[in-house]
Amino acid sequence: MKTYNNLYSEITSFENLYLAFQKAKKYKRYKKGVGEFEYNLEKELFQIKRDLEFFNYKPSKPKKFTLKDPKKRIIHAVSFRDRVIHHALCNIIEPIFDKRFIHDSYACRKERGTHKAILRLDSFIKKESKNNTKQVYVLKMDIKKYFDNINHKILLEIIKKKIKDKNTIWLISIIIDNYHKNKEQGEIGIPIGNLTSQLFANIYLNELDYFIKEKLNIKYYIRYMDDFIVLDTSFSFLLKIKEKIDIFINENLKLNLHPDKTRILKLNNGILFLGYRIFYYYKLLKKGNVKRFNKNLIEMKNKYKNQIISIYDIGNSLISCLGHIKHTNSYNLRRLLFKDLIFLIND
């Protein structure tokens, strides 16, 4: 296996830092601190370069806030300066690890995403069910509080298998150790919201991917971050697989399957995956997503009537909704969205 020994000079190069700045400011141009950073861009980037080269970099304490849609999540946001450094690191190491990821890992990767995962699942269903002539069972699994329970020591050991550059490991360690689930437990957890966290989370469960594909020889397996499924025509086989997976993640990754979200289901009863209700012949949106779309539509109508947003803003939101809905058999829901848009235009 190829390892990488001299990455730090690439990470700290001015060209890479400038590219990192360009990526970090995308969609963040008007956020606090971005304008000032850009105004003093050359000075800021050279200061980052010096801090990294002389190992003086100390990340800021992440700011915590809560998102409640679609579900309650605690997000930790780092400073813009730290975001630039995270991008600089990921620019160099992400392509290295991405080559090692299995094909059917779909979260936070180029040319992947939820819709590609759903299409892949469709093809798996057709193959395993022999075009819907056989009963298919689905082992649907979820890691209990995944990001909160990633073990720092194990994560670093996994990364060191590929990255041998001590300076790069130093930077990765600084970023990882800037957050802990809580002071008592220590060395556990990575924050939701960081670019590096997405990469580290994929690297961590890539160990599970290889265990499932190579040790268990599972053919029909898909993972989207900590949400993953296995298809088979045998209920008893999937029960055994579940037990082996549970043992592996507990002993090797210090994680646990979520007891309420891990189960074996018949496909013809429909399964929930990535916001969709999936059946043999069709797909529907998850009921919670439909309720959220309707709620957002009512809020947009009220904002439009009060001249808070424009019809153009509503159109963009509806186009985004339709981009999600178009992958389902939800003709009536699409019709409702168009009807509301036409109503607003003629209002």
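Helix 10 is followed by K254, which has a positive phi near 55 degrees. The model is a predicted one.

**Helix 10: length**
- Helix 10 runs over residues 235–252, which makes 18 residues.

- The buried residues of helix 10 are L238, I241, I245, F248 and I249.
- Viewed down the axis of helix 10, these buried residues fall within an arc of 90 degrees, so they line one face of the helix.
- An α-helix has 3.6 residues a turn, so residues three or four places apart point the same way.
- K240 and E251 are exposed and sit on the face of helix 10 turned away from its buried side.
- The packing partners of the buried residues are strand 3 (137–142), helix 9, strand 5 (227–232) and strand 6 (263–266).

**The second largest pocket**
- The second largest pocket holds about 1,000 Å³ of space.
- It is lined by 30 residues, of which K28, A77, V78, F80 and R83 are the closest to its centre.
- Two or more lining residues come from each of helix 3 (34–39), strand 1 (63–67), strand 2 (73–77), helix 5 (80–98) and helix 9 (195–215).
- Helix 5 gives the most to this lining, with five residues.
- By class, the lining of the pocket has eleven charged, ten nonpolar and nine polar residues.

Methods. Residues numbered from 1 in each chain as written. Predicted model: local features only at pLDDT ≥ 70, side-chain atom pairs only at ≥ 80, totals over all residues. Heavy atoms only, no water. 1 Å grid on protein atoms, 1.4 Å probe; cavity = no way out; pocket = protein on both sides within 12 Å on 5 of 7 lines; lining within 4 Å. Points joined across faces, edges and corners; volume = space filled by probe spheres on them. Helix = DSSP H or I, 4+ residues; strand = E, 2+ residues; numbered from the N terminus. Nonpolar A, V, L, I, M, F, W, Y, C, P; charged D, E, K, R; others polar. Expected span 1.5 Å × (residues − 1). Buried < 20%, exposed > 50% of the residue type's maximum accessible area, 1.4 Å probe, protein only. Arc of directions from axis to C-beta. Contact = heavy atoms within 4.5 Å.
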